[in-house]
Amino acid sequence: MSDMQELVFWLPNRVRKHEEQGLAYIALPPSAEAGGKYPLLLAFHGSGRGALSYRDIPFYRRQRDIAVSCGYIFAVVSNGPDTFGKDDGLENIENLYTWIGQNYPVSEQVVLWATSAGGLLMHRFFRLSPERVSLLLGIFPIFDPLKMPQLPSMMRAFGATDRDSLLRKVYALGIVPSAFPKGLYRKKYLVIAHGREDKAVPIAQSHELMKQVERDGGEMTLVEKPGGHSTQNMSLYETSAFCKALLGQKKADSIKDS
């Protein structure tokens, strides 16, 4: 996208306990929407990834390109293992959100897009102030850590040695669905794409999320695709649901593309 502007910088007031944590990446569309304001999309990367993954890795770059082509400022900050919904990760996301609001004319509400482990941080950010979020998007995002396989990366991130210690850690952070307030997703819209053969983050995670959203009075489009948990699985983007949602053209029914 030759007319796109890009910015890489260390986030002011960043929390930096891991390599590259606090490094921010922003991509801007050519011009603001009518009224002089940009819609804003914040991305939440997966484990082992970071802000520059959205510039350098085709799988992640696809999210950036979709957002920018729809006229959004695209922004992400590296959080290392704290992308699993931990305190320092949340602080960096809040700092990024604040910094963008101070430096660019952006719309009042923000769109969130999480990948894998970033799902936990996305839902935590959303839960703090649901009114500031207009739309939630996801690519095989984690929803309930207690119903996940005990991934080594997740256990290390929480310093957990077994399921009981993981339970204590995630409950303390309030990142399990049972800790969410009733009606959290009321009148919210989500679009999630997930591979049916995903072993790392089973598609049951997205099925559980969809049940919770519908119980709360929200809507969710689930795009089910073949393949698993891989940055080679580009079929997850073979849907118009993301663009339609970003442009305000929602679909209420679940899409199951083959």
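**Close-up views of a predicted model**

View 1. In strand β4, A43 has V76 as its bridge partner, while in strand β5 the partner of A43 is W113. The model is predicted: local features need pLDDT of at least 70 and side-chain atom pairs count only at pLDDT 80 or more, whereas totals for chains, interfaces and linings use all residues. Residues are numbered from 1 along each chain as its sequence is written, and side-chain values use heavy atoms, with hydrogens and water left out. Helices (H or I, at least four residues) and strands (E, at least two) are DSSP runs numbered from the N terminus. Two strands pair if DSSP finds at least two bridges between them. Strand β3 runs parallel to β5 (residues 106-115), joined by six bridges, and pairs with β4 (residues 73-77) in the parallel sense over four bridges.

**View 2. The two faces of strand β3.** Seven of the seven residues of β3 (residues 38-44) are buried, so the strand is largely enclosed by the rest of the structure. Buried means under 20% relative accessible area, exposed over 50%, and partly exposed in between (1.4 Å probe, protein chains only). Y38, L40, L42 and F44 lie on one side, and P39, L41 and A43 on the other.

View 3. Buried residues of α3 (residues 87-103) include L90, I93, E94 and W99. Among the elements that cover the buried residues of this helix are β3, β4, β5 and α4 (118-128). A salt bridge (a side-chain nitrogen of Lys or Arg within 4 Å of a carboxyl oxygen of Asp or Glu) links R132 and E94, with the closest N and O atoms 2.6 Å apart. R132 lies in the loop between α4 and β6 (133-139) and E94 in helix α3, so the pair ties together parts that are 38 residues apart in sequence. R132 counts as buried, at 13% relative accessibility.

**View 4. Side chains of helix α7.** Q212 belongs to helix α7 (residues 204-215) and is buried, with a relative accessible area of 15%. A polar contact of 3.0 Å joins the side chains of Q212 and R215; such a contact is a pair of N or O atoms within 3.5 Å, and within protein one must be able to donate a hydrogen and the other to accept it, residues adjacent in sequence counting only if both atoms are side-chain atoms. K211 and E208, both in α7 and three residues apart, form a salt bridge of 3.8 Å, N to O.

Terms used:
Contact = heavy atoms within 4.5 Å.
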